[in-house]
Amino acid sequence: MTTDFARTRSLFDLPEGVIYLDGNSLGPLPRGVAARVQRTITAEWGQMLITGWNKAGWMDQPTRIGDRIGRLIGAEAGHVVLGDTLSIKVYQALASALELQPGKRVILSDTGNFPSDLYMAEGLCRTLGDGYTVKTVAPEVVMQAIDDSVAVLMLTEVDYRTGRRHDLPALTAKAHSVGALAIWDLAHSAGATDVKVAEGGADFAVGCSYKYLNSGPGGPAFIYVAPRHAPQVRPALSGWLGHESPFAFDLAYRPGSGIERMRVGTPPVLQIAALDAALDVWEGVEIADLRARSLELTDAFIAGVEAACPDLVLATPREHRWRGSQVSFHHPQGFAIMQALISRGVIGDFRAPDILRFGFTPLFIGLDEVEGAVAILSEIMATDAWNRPEFMTRGRVT
Ligand SMILES: Cc1ncc(COP(=O)(O)O)c(C=O)c1O
């Protein structure tokens, strides 16, 4: 292993006394981010004013920094762009993929997909009319459900609740064998697993930057379009910055070259500056090392919790090939248990109906944190410390 995880750990600003196992939902603050954003605000926005678009390179950020994410997901250079939110990027990828598939009407997904992805697909089907439908099957039987009626296979690679990981190359190959295209949502993969979109044959991939890539709340999403499709796709969200020549202010839309056409409107410059600084942490990190360390941490957590807390039922696959970088357990009182953990400084989260979710991000989590979290969880379970009224009240975000 060549990656120095002690070094990456030192690059994060984590509050004292906290074991943060929720970097799979909102990544913590890398030390370099605040100064970079401050500089972008004062030296660029403050001093350059509107000339910052050219002088500070704001207009090139979405593709330049998109490429930095491209390295982490195994994309070809020049085929990833940033912008908007992930839900928007799902819609955009799906609309473009369906247009490349005339005559087919079925979008195949699974019941473990993130609801927003399914909502966006259903909304798009309603707009298109004409028999377009979303079909969902259980994650374990997606392979068998891919038949020649399928226009587009749309999956989230790592299940946000269970942490189960699909076999991206095998499912993509099956989709291609029946003439379907594959869209992969990498929200829980990018920066968490050894995902390789180009090698795996993905047609489109999308993901967010505020989880394992640590861009901060509301950070921009990304989209990848395979080079073989990039010159053909017609963006349904045909905004002016995806135009071939935005400042010609042409009344007719002409798509920009390659991935540029997947841009929509003005990029969030301050958030992208935060992301750019956050991505500095990844310099010197080998993705194979990240994957090996992630499996070591999740193995240790599963073993520790199962030995000490017999009432918690593992929801995450034991086999490495089916596991992302999180561990989830079922318990009917999962919400209260998680609140008790948070009150003791172990931050994970809860996903309805009964899932306690713990993310393991090797950049800043090591075996000491795993041991500490297991000890606190064991104490809570052994003493029923979760069974108090203050742990039963739910906020807007769980
Ligand atoms: C798998 C997946 N898809 C889509 C989304 C929605 O992302 P956004 O709120 O950025 O649109 C999320 C959010 O957590 C997610 O986990």
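Which residues are around the ligand? In this predicted model, the list runs Thr85, Leu86, Ser87, Phe114, Asp117, Thr156, Asp185, Ala187, His188, Tyr210 and Lys211. By class, this shell divides into 4 nonpolar, 4 polar and 3 charged residues. As for location, the ligand sits in the largest pocket.

Start with Lys211, one of the residues around the ligand. A polar atom of the Lys211 side chain lies 2.8 Å from a ligand oxygen. Thr85 also uses its side chain: a polar atom there is 3.4 Å from an oxygen atom of the ligand. How much of the ligand does the protein cover? On its own, the ligand has 400 Å² of accessible area, and the protein covers 84% of that.

Turn next to the cysteines. A disulfide is a covalent bond between the sulfur atoms of two cysteines. How many disulfides does a search of the whole structure find? The count is 0. Is Cys208 buried or exposed? Cys208 is buried, because its relative accessible area is 1%, and buried means under 20%. Cys309 has a relative accessible area of 2%, so Cys309 is buried by that cut-off too.

Technical notes:
Residues numbered from 1 in each chain as written. Predicted model: local features only at pLDDT ≥ 70, side-chain atom pairs only at ≥ 80, totals over all residues. Heavy atoms only, no water. Near = heavy atom within 4 Å. Polar contact = N/O pair within 3.5 Å; in protein donor to acceptor, adjacent residues only side chain to side chain. Areas by Shrake-Rupley, 256 points an atom, 1.4 Å probe, with all protein chains shown as cover. 1 Å grid on protein atoms, 1.4 Å probe; cavity = no way out; pocket = protein on both sides within 12 Å on 5 of 7 lines; lining within 4 Å. Sits in = over half its atoms within 2 Å of the grid points. Nonpolar A, V, L, I, M, F, W, Y, C, P; charged D, E, K, R; others polar. Disulfide = S-S within 2.5 Å. Buried < 20%, exposed > 50% of the residue type's maximum accessible area, 1.4 Å probe, protein only.
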